[in-house]
Amino acid sequence: MDGFQRRREQKKFNILEAALALFMEYGVQKISIGEIAKKANVSQVTIYNYFESKHNLIHEVFVYYIDKALDEFEQILASNMAFPEKIKQLMFTKNETAKQIHEDFYQYLMKEYTSGINYMEKYIEKALPRFIDLFNQGKEQGYVDPNLSNEAILFYIKAMNEYIQREDVYQSILPLTEDIMRILFYGIVGEKEK
């Protein structure tokens, strides 16, 4: 990659980071292209040159946000942490994200997700096998019931995924993120001491 291309990619990264930070704090509706340009230290024209419209920028921020979440997920799973620590890290990450995300931005993300945009499906396709690896690790270490089939675990995750795509559900699910993660990993009986 030559210097021009590297600078171009850096500007695009700065715009995405600035927009994401502003959307997380203030939501999508309240933030203007001018505010994003100021935070990214670029001109408004530069943003329009890269993204054409605010709508396209918002969509690219959505893709960027999902990619970052997948990277964090992958780093936790690839780490040398024991199974319980990985679960705690995944739950902590989800809980912290739920606390930091502005309701307006969350609602936009869920509308993007449920509108048939295939990008989230790609994320889920990548994440599901990694979940199976995680649960297999948990089975080997004695933390997950070895009698549970991977098919049943996948069925449960996919059923949850389909359910949260309903508008009446995703509009109220954000405050329940930590509880939902606990149920996913520990069931309704709760965490067992090892």
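**View 1. Where α2 meets α3 in this predicted model.** The axes of these two helices come within 8 Å and cross at roughly 100°. Axes here are lines fitted to C-alpha atoms, for helices over the stretch in contact, with angles running from 0 to 180 degrees between N-to-C directions. That makes α2 roughly perpendicular to α3 (the label covers 65 to 115 degrees; under 35 is roughly parallel, over 145 roughly antiparallel, and the rest oblique). On the α2 side, the contact (heavy atoms within 4.5 Å) is made by Ile-33, Gly-34, Ile-36 and Ala-37, and on the α3 side by Gln-44, Ile-47 and Tyr-48. Sort those residues by type and you get 5 nonpolar, 2 polar and no charged. For that sorting, Ala, Val, Leu, Ile, Met, Phe, Trp, Tyr, Cys and Pro count as nonpolar, Asp, Glu, Lys and Arg as charged, and the others, Gly among them, as polar.

**View 2. Asn-41, in the loop between α2 (33-40) and α3 (44-51).** Asn-41 isn't a glycine, yet it has a positive phi of about 60°. Its relative accessible area is 73%, so Asn-41 is exposed (exposed is over 50%, buried under 20%, partly exposed in between, with a 1.4 Å probe and protein chains only).

**View 3. Glu-52, in the loop between α3 and α4 (54-78).** Here's another non-glycine with a positive phi: about 75° for Glu-52. Glu-52 counts as exposed, at 64% relative accessibility.

**View 4. Helix α8, residues 150-164, and its buried face.** Ile-153, Ile-157 and Asn-161 are buried in α8. Looking down the axis, the buried residues of α8 fall within an arc of 70°, so they line one face of the helix; the arc is that of the directions from the helix axis to the C-beta atoms. Over on the other side of α8, Glu-151, Phe-155 and Glu-162 are exposed.

**View 5. The protein chain, with 10 helices and 0 strands.** Helices (H or I, at least four residues) and strands (E, at least two) are DSSP runs, numbered from the N terminus. Of the 194 residues in the protein chain, 38% are buried. Among contacts between residues at least 6 apart in sequence, 70% join residues at least 24 apart.

**Notes.** Residues are numbered from 1 along each chain as its sequence is written, and side-chain values use heavy atoms, leaving out hydrogens and water. In this predicted model, local features need pLDDT of at least 70 and side-chain atom pairs count only at pLDDT 80 or more, while totals for chains, interfaces and linings use all residues.

Conventions:
The expected span of a helix is 1.5 Å times one less than its number of residues.
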